[in-house]
Amino acid sequence: MLFIPFTVAAQYRITGRVVDAGTKKPVPDASVFLSNASAGTKTNGDGTFTLTNVRGGQYEMVISFVGYATYKQTIMVNKDVSLPDVPLEQQTVQLKEVRIGPDKHWEEHYARFKRGFLGNTDNAAQCTILNPHVLDFDINDGEFAASAEDFLLIENKALGYRIKYMLTIFSENPKTGRLYFEGEAFFENMKGRKGQIKRWNKNRLVTYQGSDMHFLRSVIAGRVKEEGFLVQRLIKTPNPAYKGGLDNKYTETLVTTPLAIGEYASLTDQKGEYALTFKDCLNITYNNNPLSGSILNIDSGPGYVYFDNNGIILNPQNVTMEGSWGDRKMGELLPVDYEPPQK
């Protein structure tokens with residue numbers, strides 16, 4: 001096992017130019033940002049852009065402009081990055097089916113979406129979606145789905161972020177109890193008085209401590225125990241007395257012996273990418289607080305949980321989180337380049 005010490009991360013720049021794929025002319029005023037991070041800008045008149053103060057790690061760069069297909073590119077940042085011209089393809093917009101008359105269930109669906117998307121925590125209660133009219137809802141065979149025709153604009157007054165979020169998937173299946181959503185987010189710091197900024201910074205640190213981001217960064221640094229985490233094996237077996245519903249489907253047996261990092265984490269052959277692999281489930285607690293307990297389970301796919309230098313899971317569609325981490329939604333979302341204050 002090789003681990004990197006956790007020190008103040010270096011800051012880098014990403015530069016490039018956005019052009020029309022057909023005419024090769026520059027595309028000015030296009031939005032350029034790193035997904036789920038705080039680095040973002042718009043292209044200049046000549047199509048050029050510069051992203052500054054980028055923390056090292058793997059990112060998905062997103063470029064969007066009206067009339068063009070959204071461009072996405074995965075970038076590994078461990079030095080200043082100069083990109084070749086980025087071509088945007090013009091997009092033919094298909095007209096959506098128009099619903100005649102108001103959706104009488106819209107308010108009900110919107111309340112359901114907010115519970116699943118924002119969460120039910122104190123932070124979530126201080127989140128506001130400023131443009132809910134861009135949302136559309138659908139129920140098919142009992143599965144609830146939501147989509148958005150434009151960026152959702154969200155204010156998180158608990159953490160002091162204004163977030164632009166392009167929702168790509170939102171689904172909630174009451175039969176399985178599984179809720180999943182994903183998208184691209186751009187974070188901006190809200191302006192506030194000195195006291196507000198101090199409170200936001202404190203809330204961000206509290207949100208970070210004990211989170212999956214904190215845990216995965218601790219794994220990379222080889223400081224799981226020192227950072228306050230306890231990792232144990234949890235065995236789930238089908239409950240023979242199960243009679244339907246979401247409760248009591250499995251019986252759980254906790255193996256109390258703590259797991260060492262080498263028993264569930266390893267390097268991969270990709271620079272800056274790591275993996276968790278384990279038998280059954282991982283039960284993870286923080287600072288001996290049973291309320292902080294989280295269960296990590298690999299549902300499908302390659303049998304690994306892949307994550308990067310920023311402590312971000314790269315294949316979330318193959319992973320289920322229960323407990324404290326499963327309760328964290330947009331109200332607890334921090335940018336992937338978040339850095340806790342140094343002691």
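How far apart are the end C-alpha atoms of helix 3 (residues 194-208), and what should its 15 residues span at 1.5 Å a residue?

A: Some housekeeping to begin with. This is a predicted model, where local features need pLDDT of at least 70 and side-chain atom pairs count only at pLDDT 80 or more, while totals for chains, interfaces and linings use all residues. Residues are numbered from 1 along each chain as its sequence is written, and side-chain values use heavy atoms, with hydrogens and water left out.

Now your helix. The end C-alpha atoms of helix 3 are 21 Å apart, which agrees with the 21 Å that its 15 residues should span at 1.5 Å a residue. That expected span is 1.5 Å times one less than the number of residues. As for the labels, helices (H or I, at least four residues) and strands (E, at least two) are DSSP runs, numbered from the N terminus.

The arc is taken from the directions between the helix axis and the C-beta atoms.

The rule for a charge over a ring is NZ of Lys or CZ of Arg within 6 Å of the ring centre and within 35 degrees of the ring normal. After the helix comes Gly210, whose phi is positive, near 85°.

Strands 13 and 14 lead on to the core. The largest nonpolar core has 29 residues, and those with the most contacts inside it are Phe113, Phe117, Leu152, Tyr165 and Leu167. At least two core residues each come from helix 1 (106-117), strand 9 (127-129), strand 10 (135-140), strand 11 (143-148), strand 12 (152-156), strand 13 (161-173) and strand 14 (178-189). Strand 13 gives the largest share, 5 residues. A nonpolar core, by the way, is a set of buried Ala, Val, Leu, Ile, Met, Phe, Trp, Tyr and Cys residues joined through side-chain atoms within 4.5 Å.

Helix 1 is worth a stop too. His109, Tyr110, Phe113, Gly116 and Phe117 are its buried residues. Seen down the axis, they fall within an arc of 125°, so they line one face of helix 1. Glu107 and Glu108 are exposed on the other side. The buried residues of helix 1 pack against strands 9, 10, 11, 12, 13 and 14. Take Phe117: leaving out residues up to four places away in sequence, its contacts include Leu152, Tyr165, Phe170, Phe181 and Met330. Just after helix 1, Gly119 takes a positive phi of about 105°.

Then there are the rings. The structure holds 21 aromatic pairs. One of them is Phe33 with Phe151, edge-to-face, 6.1 Å centre to centre with 65° between the planes. That pair links distant parts of the chain, with Phe33 in strand 2 (residues 31-34) and Phe151 in the loop between strand 11 and strand 12, 118 residues apart. Phe170 and Phe181 have ring centres 6.1 Å apart and planes at 20°, so this pair is stacked. Phe170 lies in strand 13 and Phe181 in strand 14, so the pair ties together parts that are 11 residues apart in sequence. Rings of Phe, Tyr and Trp (its six-membered ring) pair if their centres lie within 6.5 Å; planes under 30 degrees apart count as stacked, over 60 as edge-to-face and the rest as tilted.

Ring pairs also build a cluster from Trp106, Tyr110, Phe113, Phe117, Phe137, Phe144, Tyr165, Phe170 and Phe181. Back at Phe151, the charged end of Lys164 sits over its ring, 4.8 Å from the centre.

Definitions and conventions:
Buried < 20%, exposed > 50% of the residue type's maximum accessible area, 1.4 Å probe, protein only. Contact = heavy atoms within 4.5 Å.
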